[in-house]
Amino acid sequence: MITFTRHKLAFLLINLILAEWFFPNVNAQDQSSELRATYTHQRYVRNSGIWIRNDIGFRQFFEEDPYTMILLRPRVILELTGILDLHPGIDFRFSHYPSLPNTLEIRTWQGLSLHWPDVGRIYFTHFYRFEQRFYWTEGSKEEDLGLRSRYRLQMRVPLNNRILSDKTFYTDIRGEIFIPHDDEIQEIFASQLRVGLNLGYQQNRKWRYQITGYIDAGRNTLEENIRATNYIIELSVRNMF
């Protein structure tokens with residue numbers, strides 16, 4: 001019986017990311033790139049164990065038919081225990097296509113995060129979320145519904161300090177899988193596996209900045225489910241108080 005220790009899982013995740021970056025899938029028939037900019041505002045409700053968070057994002061997709069997405073992602077974070085959080089949230093995503101009908105997607109979702117284990121200066125986080133996706137296309141009176149599960153494993157390592165404190169550089173290594181359930185939504189790109197690596201800087205408890213590179217493996221469901229790869233760069237700023 002094969003067992004995976006924490007160190008083996010970290011080693012496997014690192015090698016998966018390196019393999020995707022340096023040896024991309026030669027069988028992929030579609031390739032595209034994406035630039036993201038995200039601002040996160042997170043506020044703690046005093047003596048309640050509750051965080052109110054909102055992400056405001058802009059995404060530019062570069063492909064055969066380039067398009068732009070604007071998104072808003074409010075959520076509540078409920079601290080259940082010292083290592084377990086509950087995340088109910090809703091996403092609003094509007095996509096503008098110069099030569100195609102625009103689209104609107106609303107996602108309601110429920111998530112659970114487990115911050116465990118801590119191994120020396122390495123911090124692991126597991127995050128599962130279940131999404132209900134409602135999708136409208138401009139000019140159509142019908143809506144599409146998609147159900148999807150997502151699981152992400154993240155490993156964070158402070159670089160110049162032992163813990164994530166003021167004036168700390170850090171790196172994240174993460175991998176995420178997407179599992180559709182009775183998905184009716186037809187997309188130019190539907191994610192299946194995403195791996196990422198970032199470099200961040202925590203100025204203090206209030207401000208954090210990071211740049212992240214992702215490789216997203218998926219499929220184009222509009223064109224007979226052909227395989228596709230998306231390369232993503234994300235710039236993000238987080239403000240907490």
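Q: Over the ring of which residue does the charged end of Arg194 sit?
A: This is a predicted model. The charged end of Arg194 lies 5.9 Å from the ring centre, and the cut-off for sitting over a ring is within 6 Å. The ring belongs to Tyr214.

Q: The charged end of which residue sits over the ring of Trp109?
A: Trp109 lies in strand 5. The charged end over its ring is 4.1 Å from the centre. That charged end belongs to Arg129.

Q: How do Tyr67 and Tyr97 pair, stacked or edge-to-face?
A: Their ring centres are 4.4 Å apart. The planes form an angle of 25 degrees, and planes under 30 degrees apart count as stacked. The pair is therefore stacked.

Q: How many residues apart in sequence are the parts that the pair of Tyr67 and Tyr97 ties together?
A: Tyr67 belongs to strand 3. Tyr97 is in the loop between strand 4 and strand 5. The pair therefore ties together parts whose separation in sequence is 30 residues.

Q: Is Tyr97 buried or exposed?
A: Its relative accessible area is 10%. Buried means under 20%, so Tyr97 counts as buried.

Q: How do Trp109 and Phe127 pair, stacked or edge-to-face?
A: The centres of the two rings are 6.3 Å apart. Their planes stand at 80 degrees, and over 60 counts as edge-to-face. The pair is therefore edge-to-face.

Q: Which strand holds Phe127, the partner of Trp109?
A: Phe127 is buried, at 8% relative accessible area. Its strand spans residues 122-137. That is strand 7.

Conventions:
Residues are numbered from 1 along each chain as its sequence is written. This is a predicted model: local features need pLDDT of at least 70, side-chain atom pairs count only at pLDDT 80 or more; totals for chains, interfaces and linings use all residues. Side-chain values use heavy atoms; hydrogens and water are left out. Rings of Phe, Tyr and Trp (its six-membered ring) pair if their centres lie within 6.5 Å; planes under 30 degrees apart count as stacked, over 60 as edge-to-face and the rest as tilted. Helices (H or I, at least four residues) and strands (E, at least two) are DSSP runs, numbered from the N terminus. Buried means under 20% relative accessible area, exposed over 50%, partly exposed in between (1.4 Å probe, protein chains only). A charge sits over a ring if NZ of Lys or CZ of Arg is within 6 Å of the ring centre and within 35 degrees of the ring normal.
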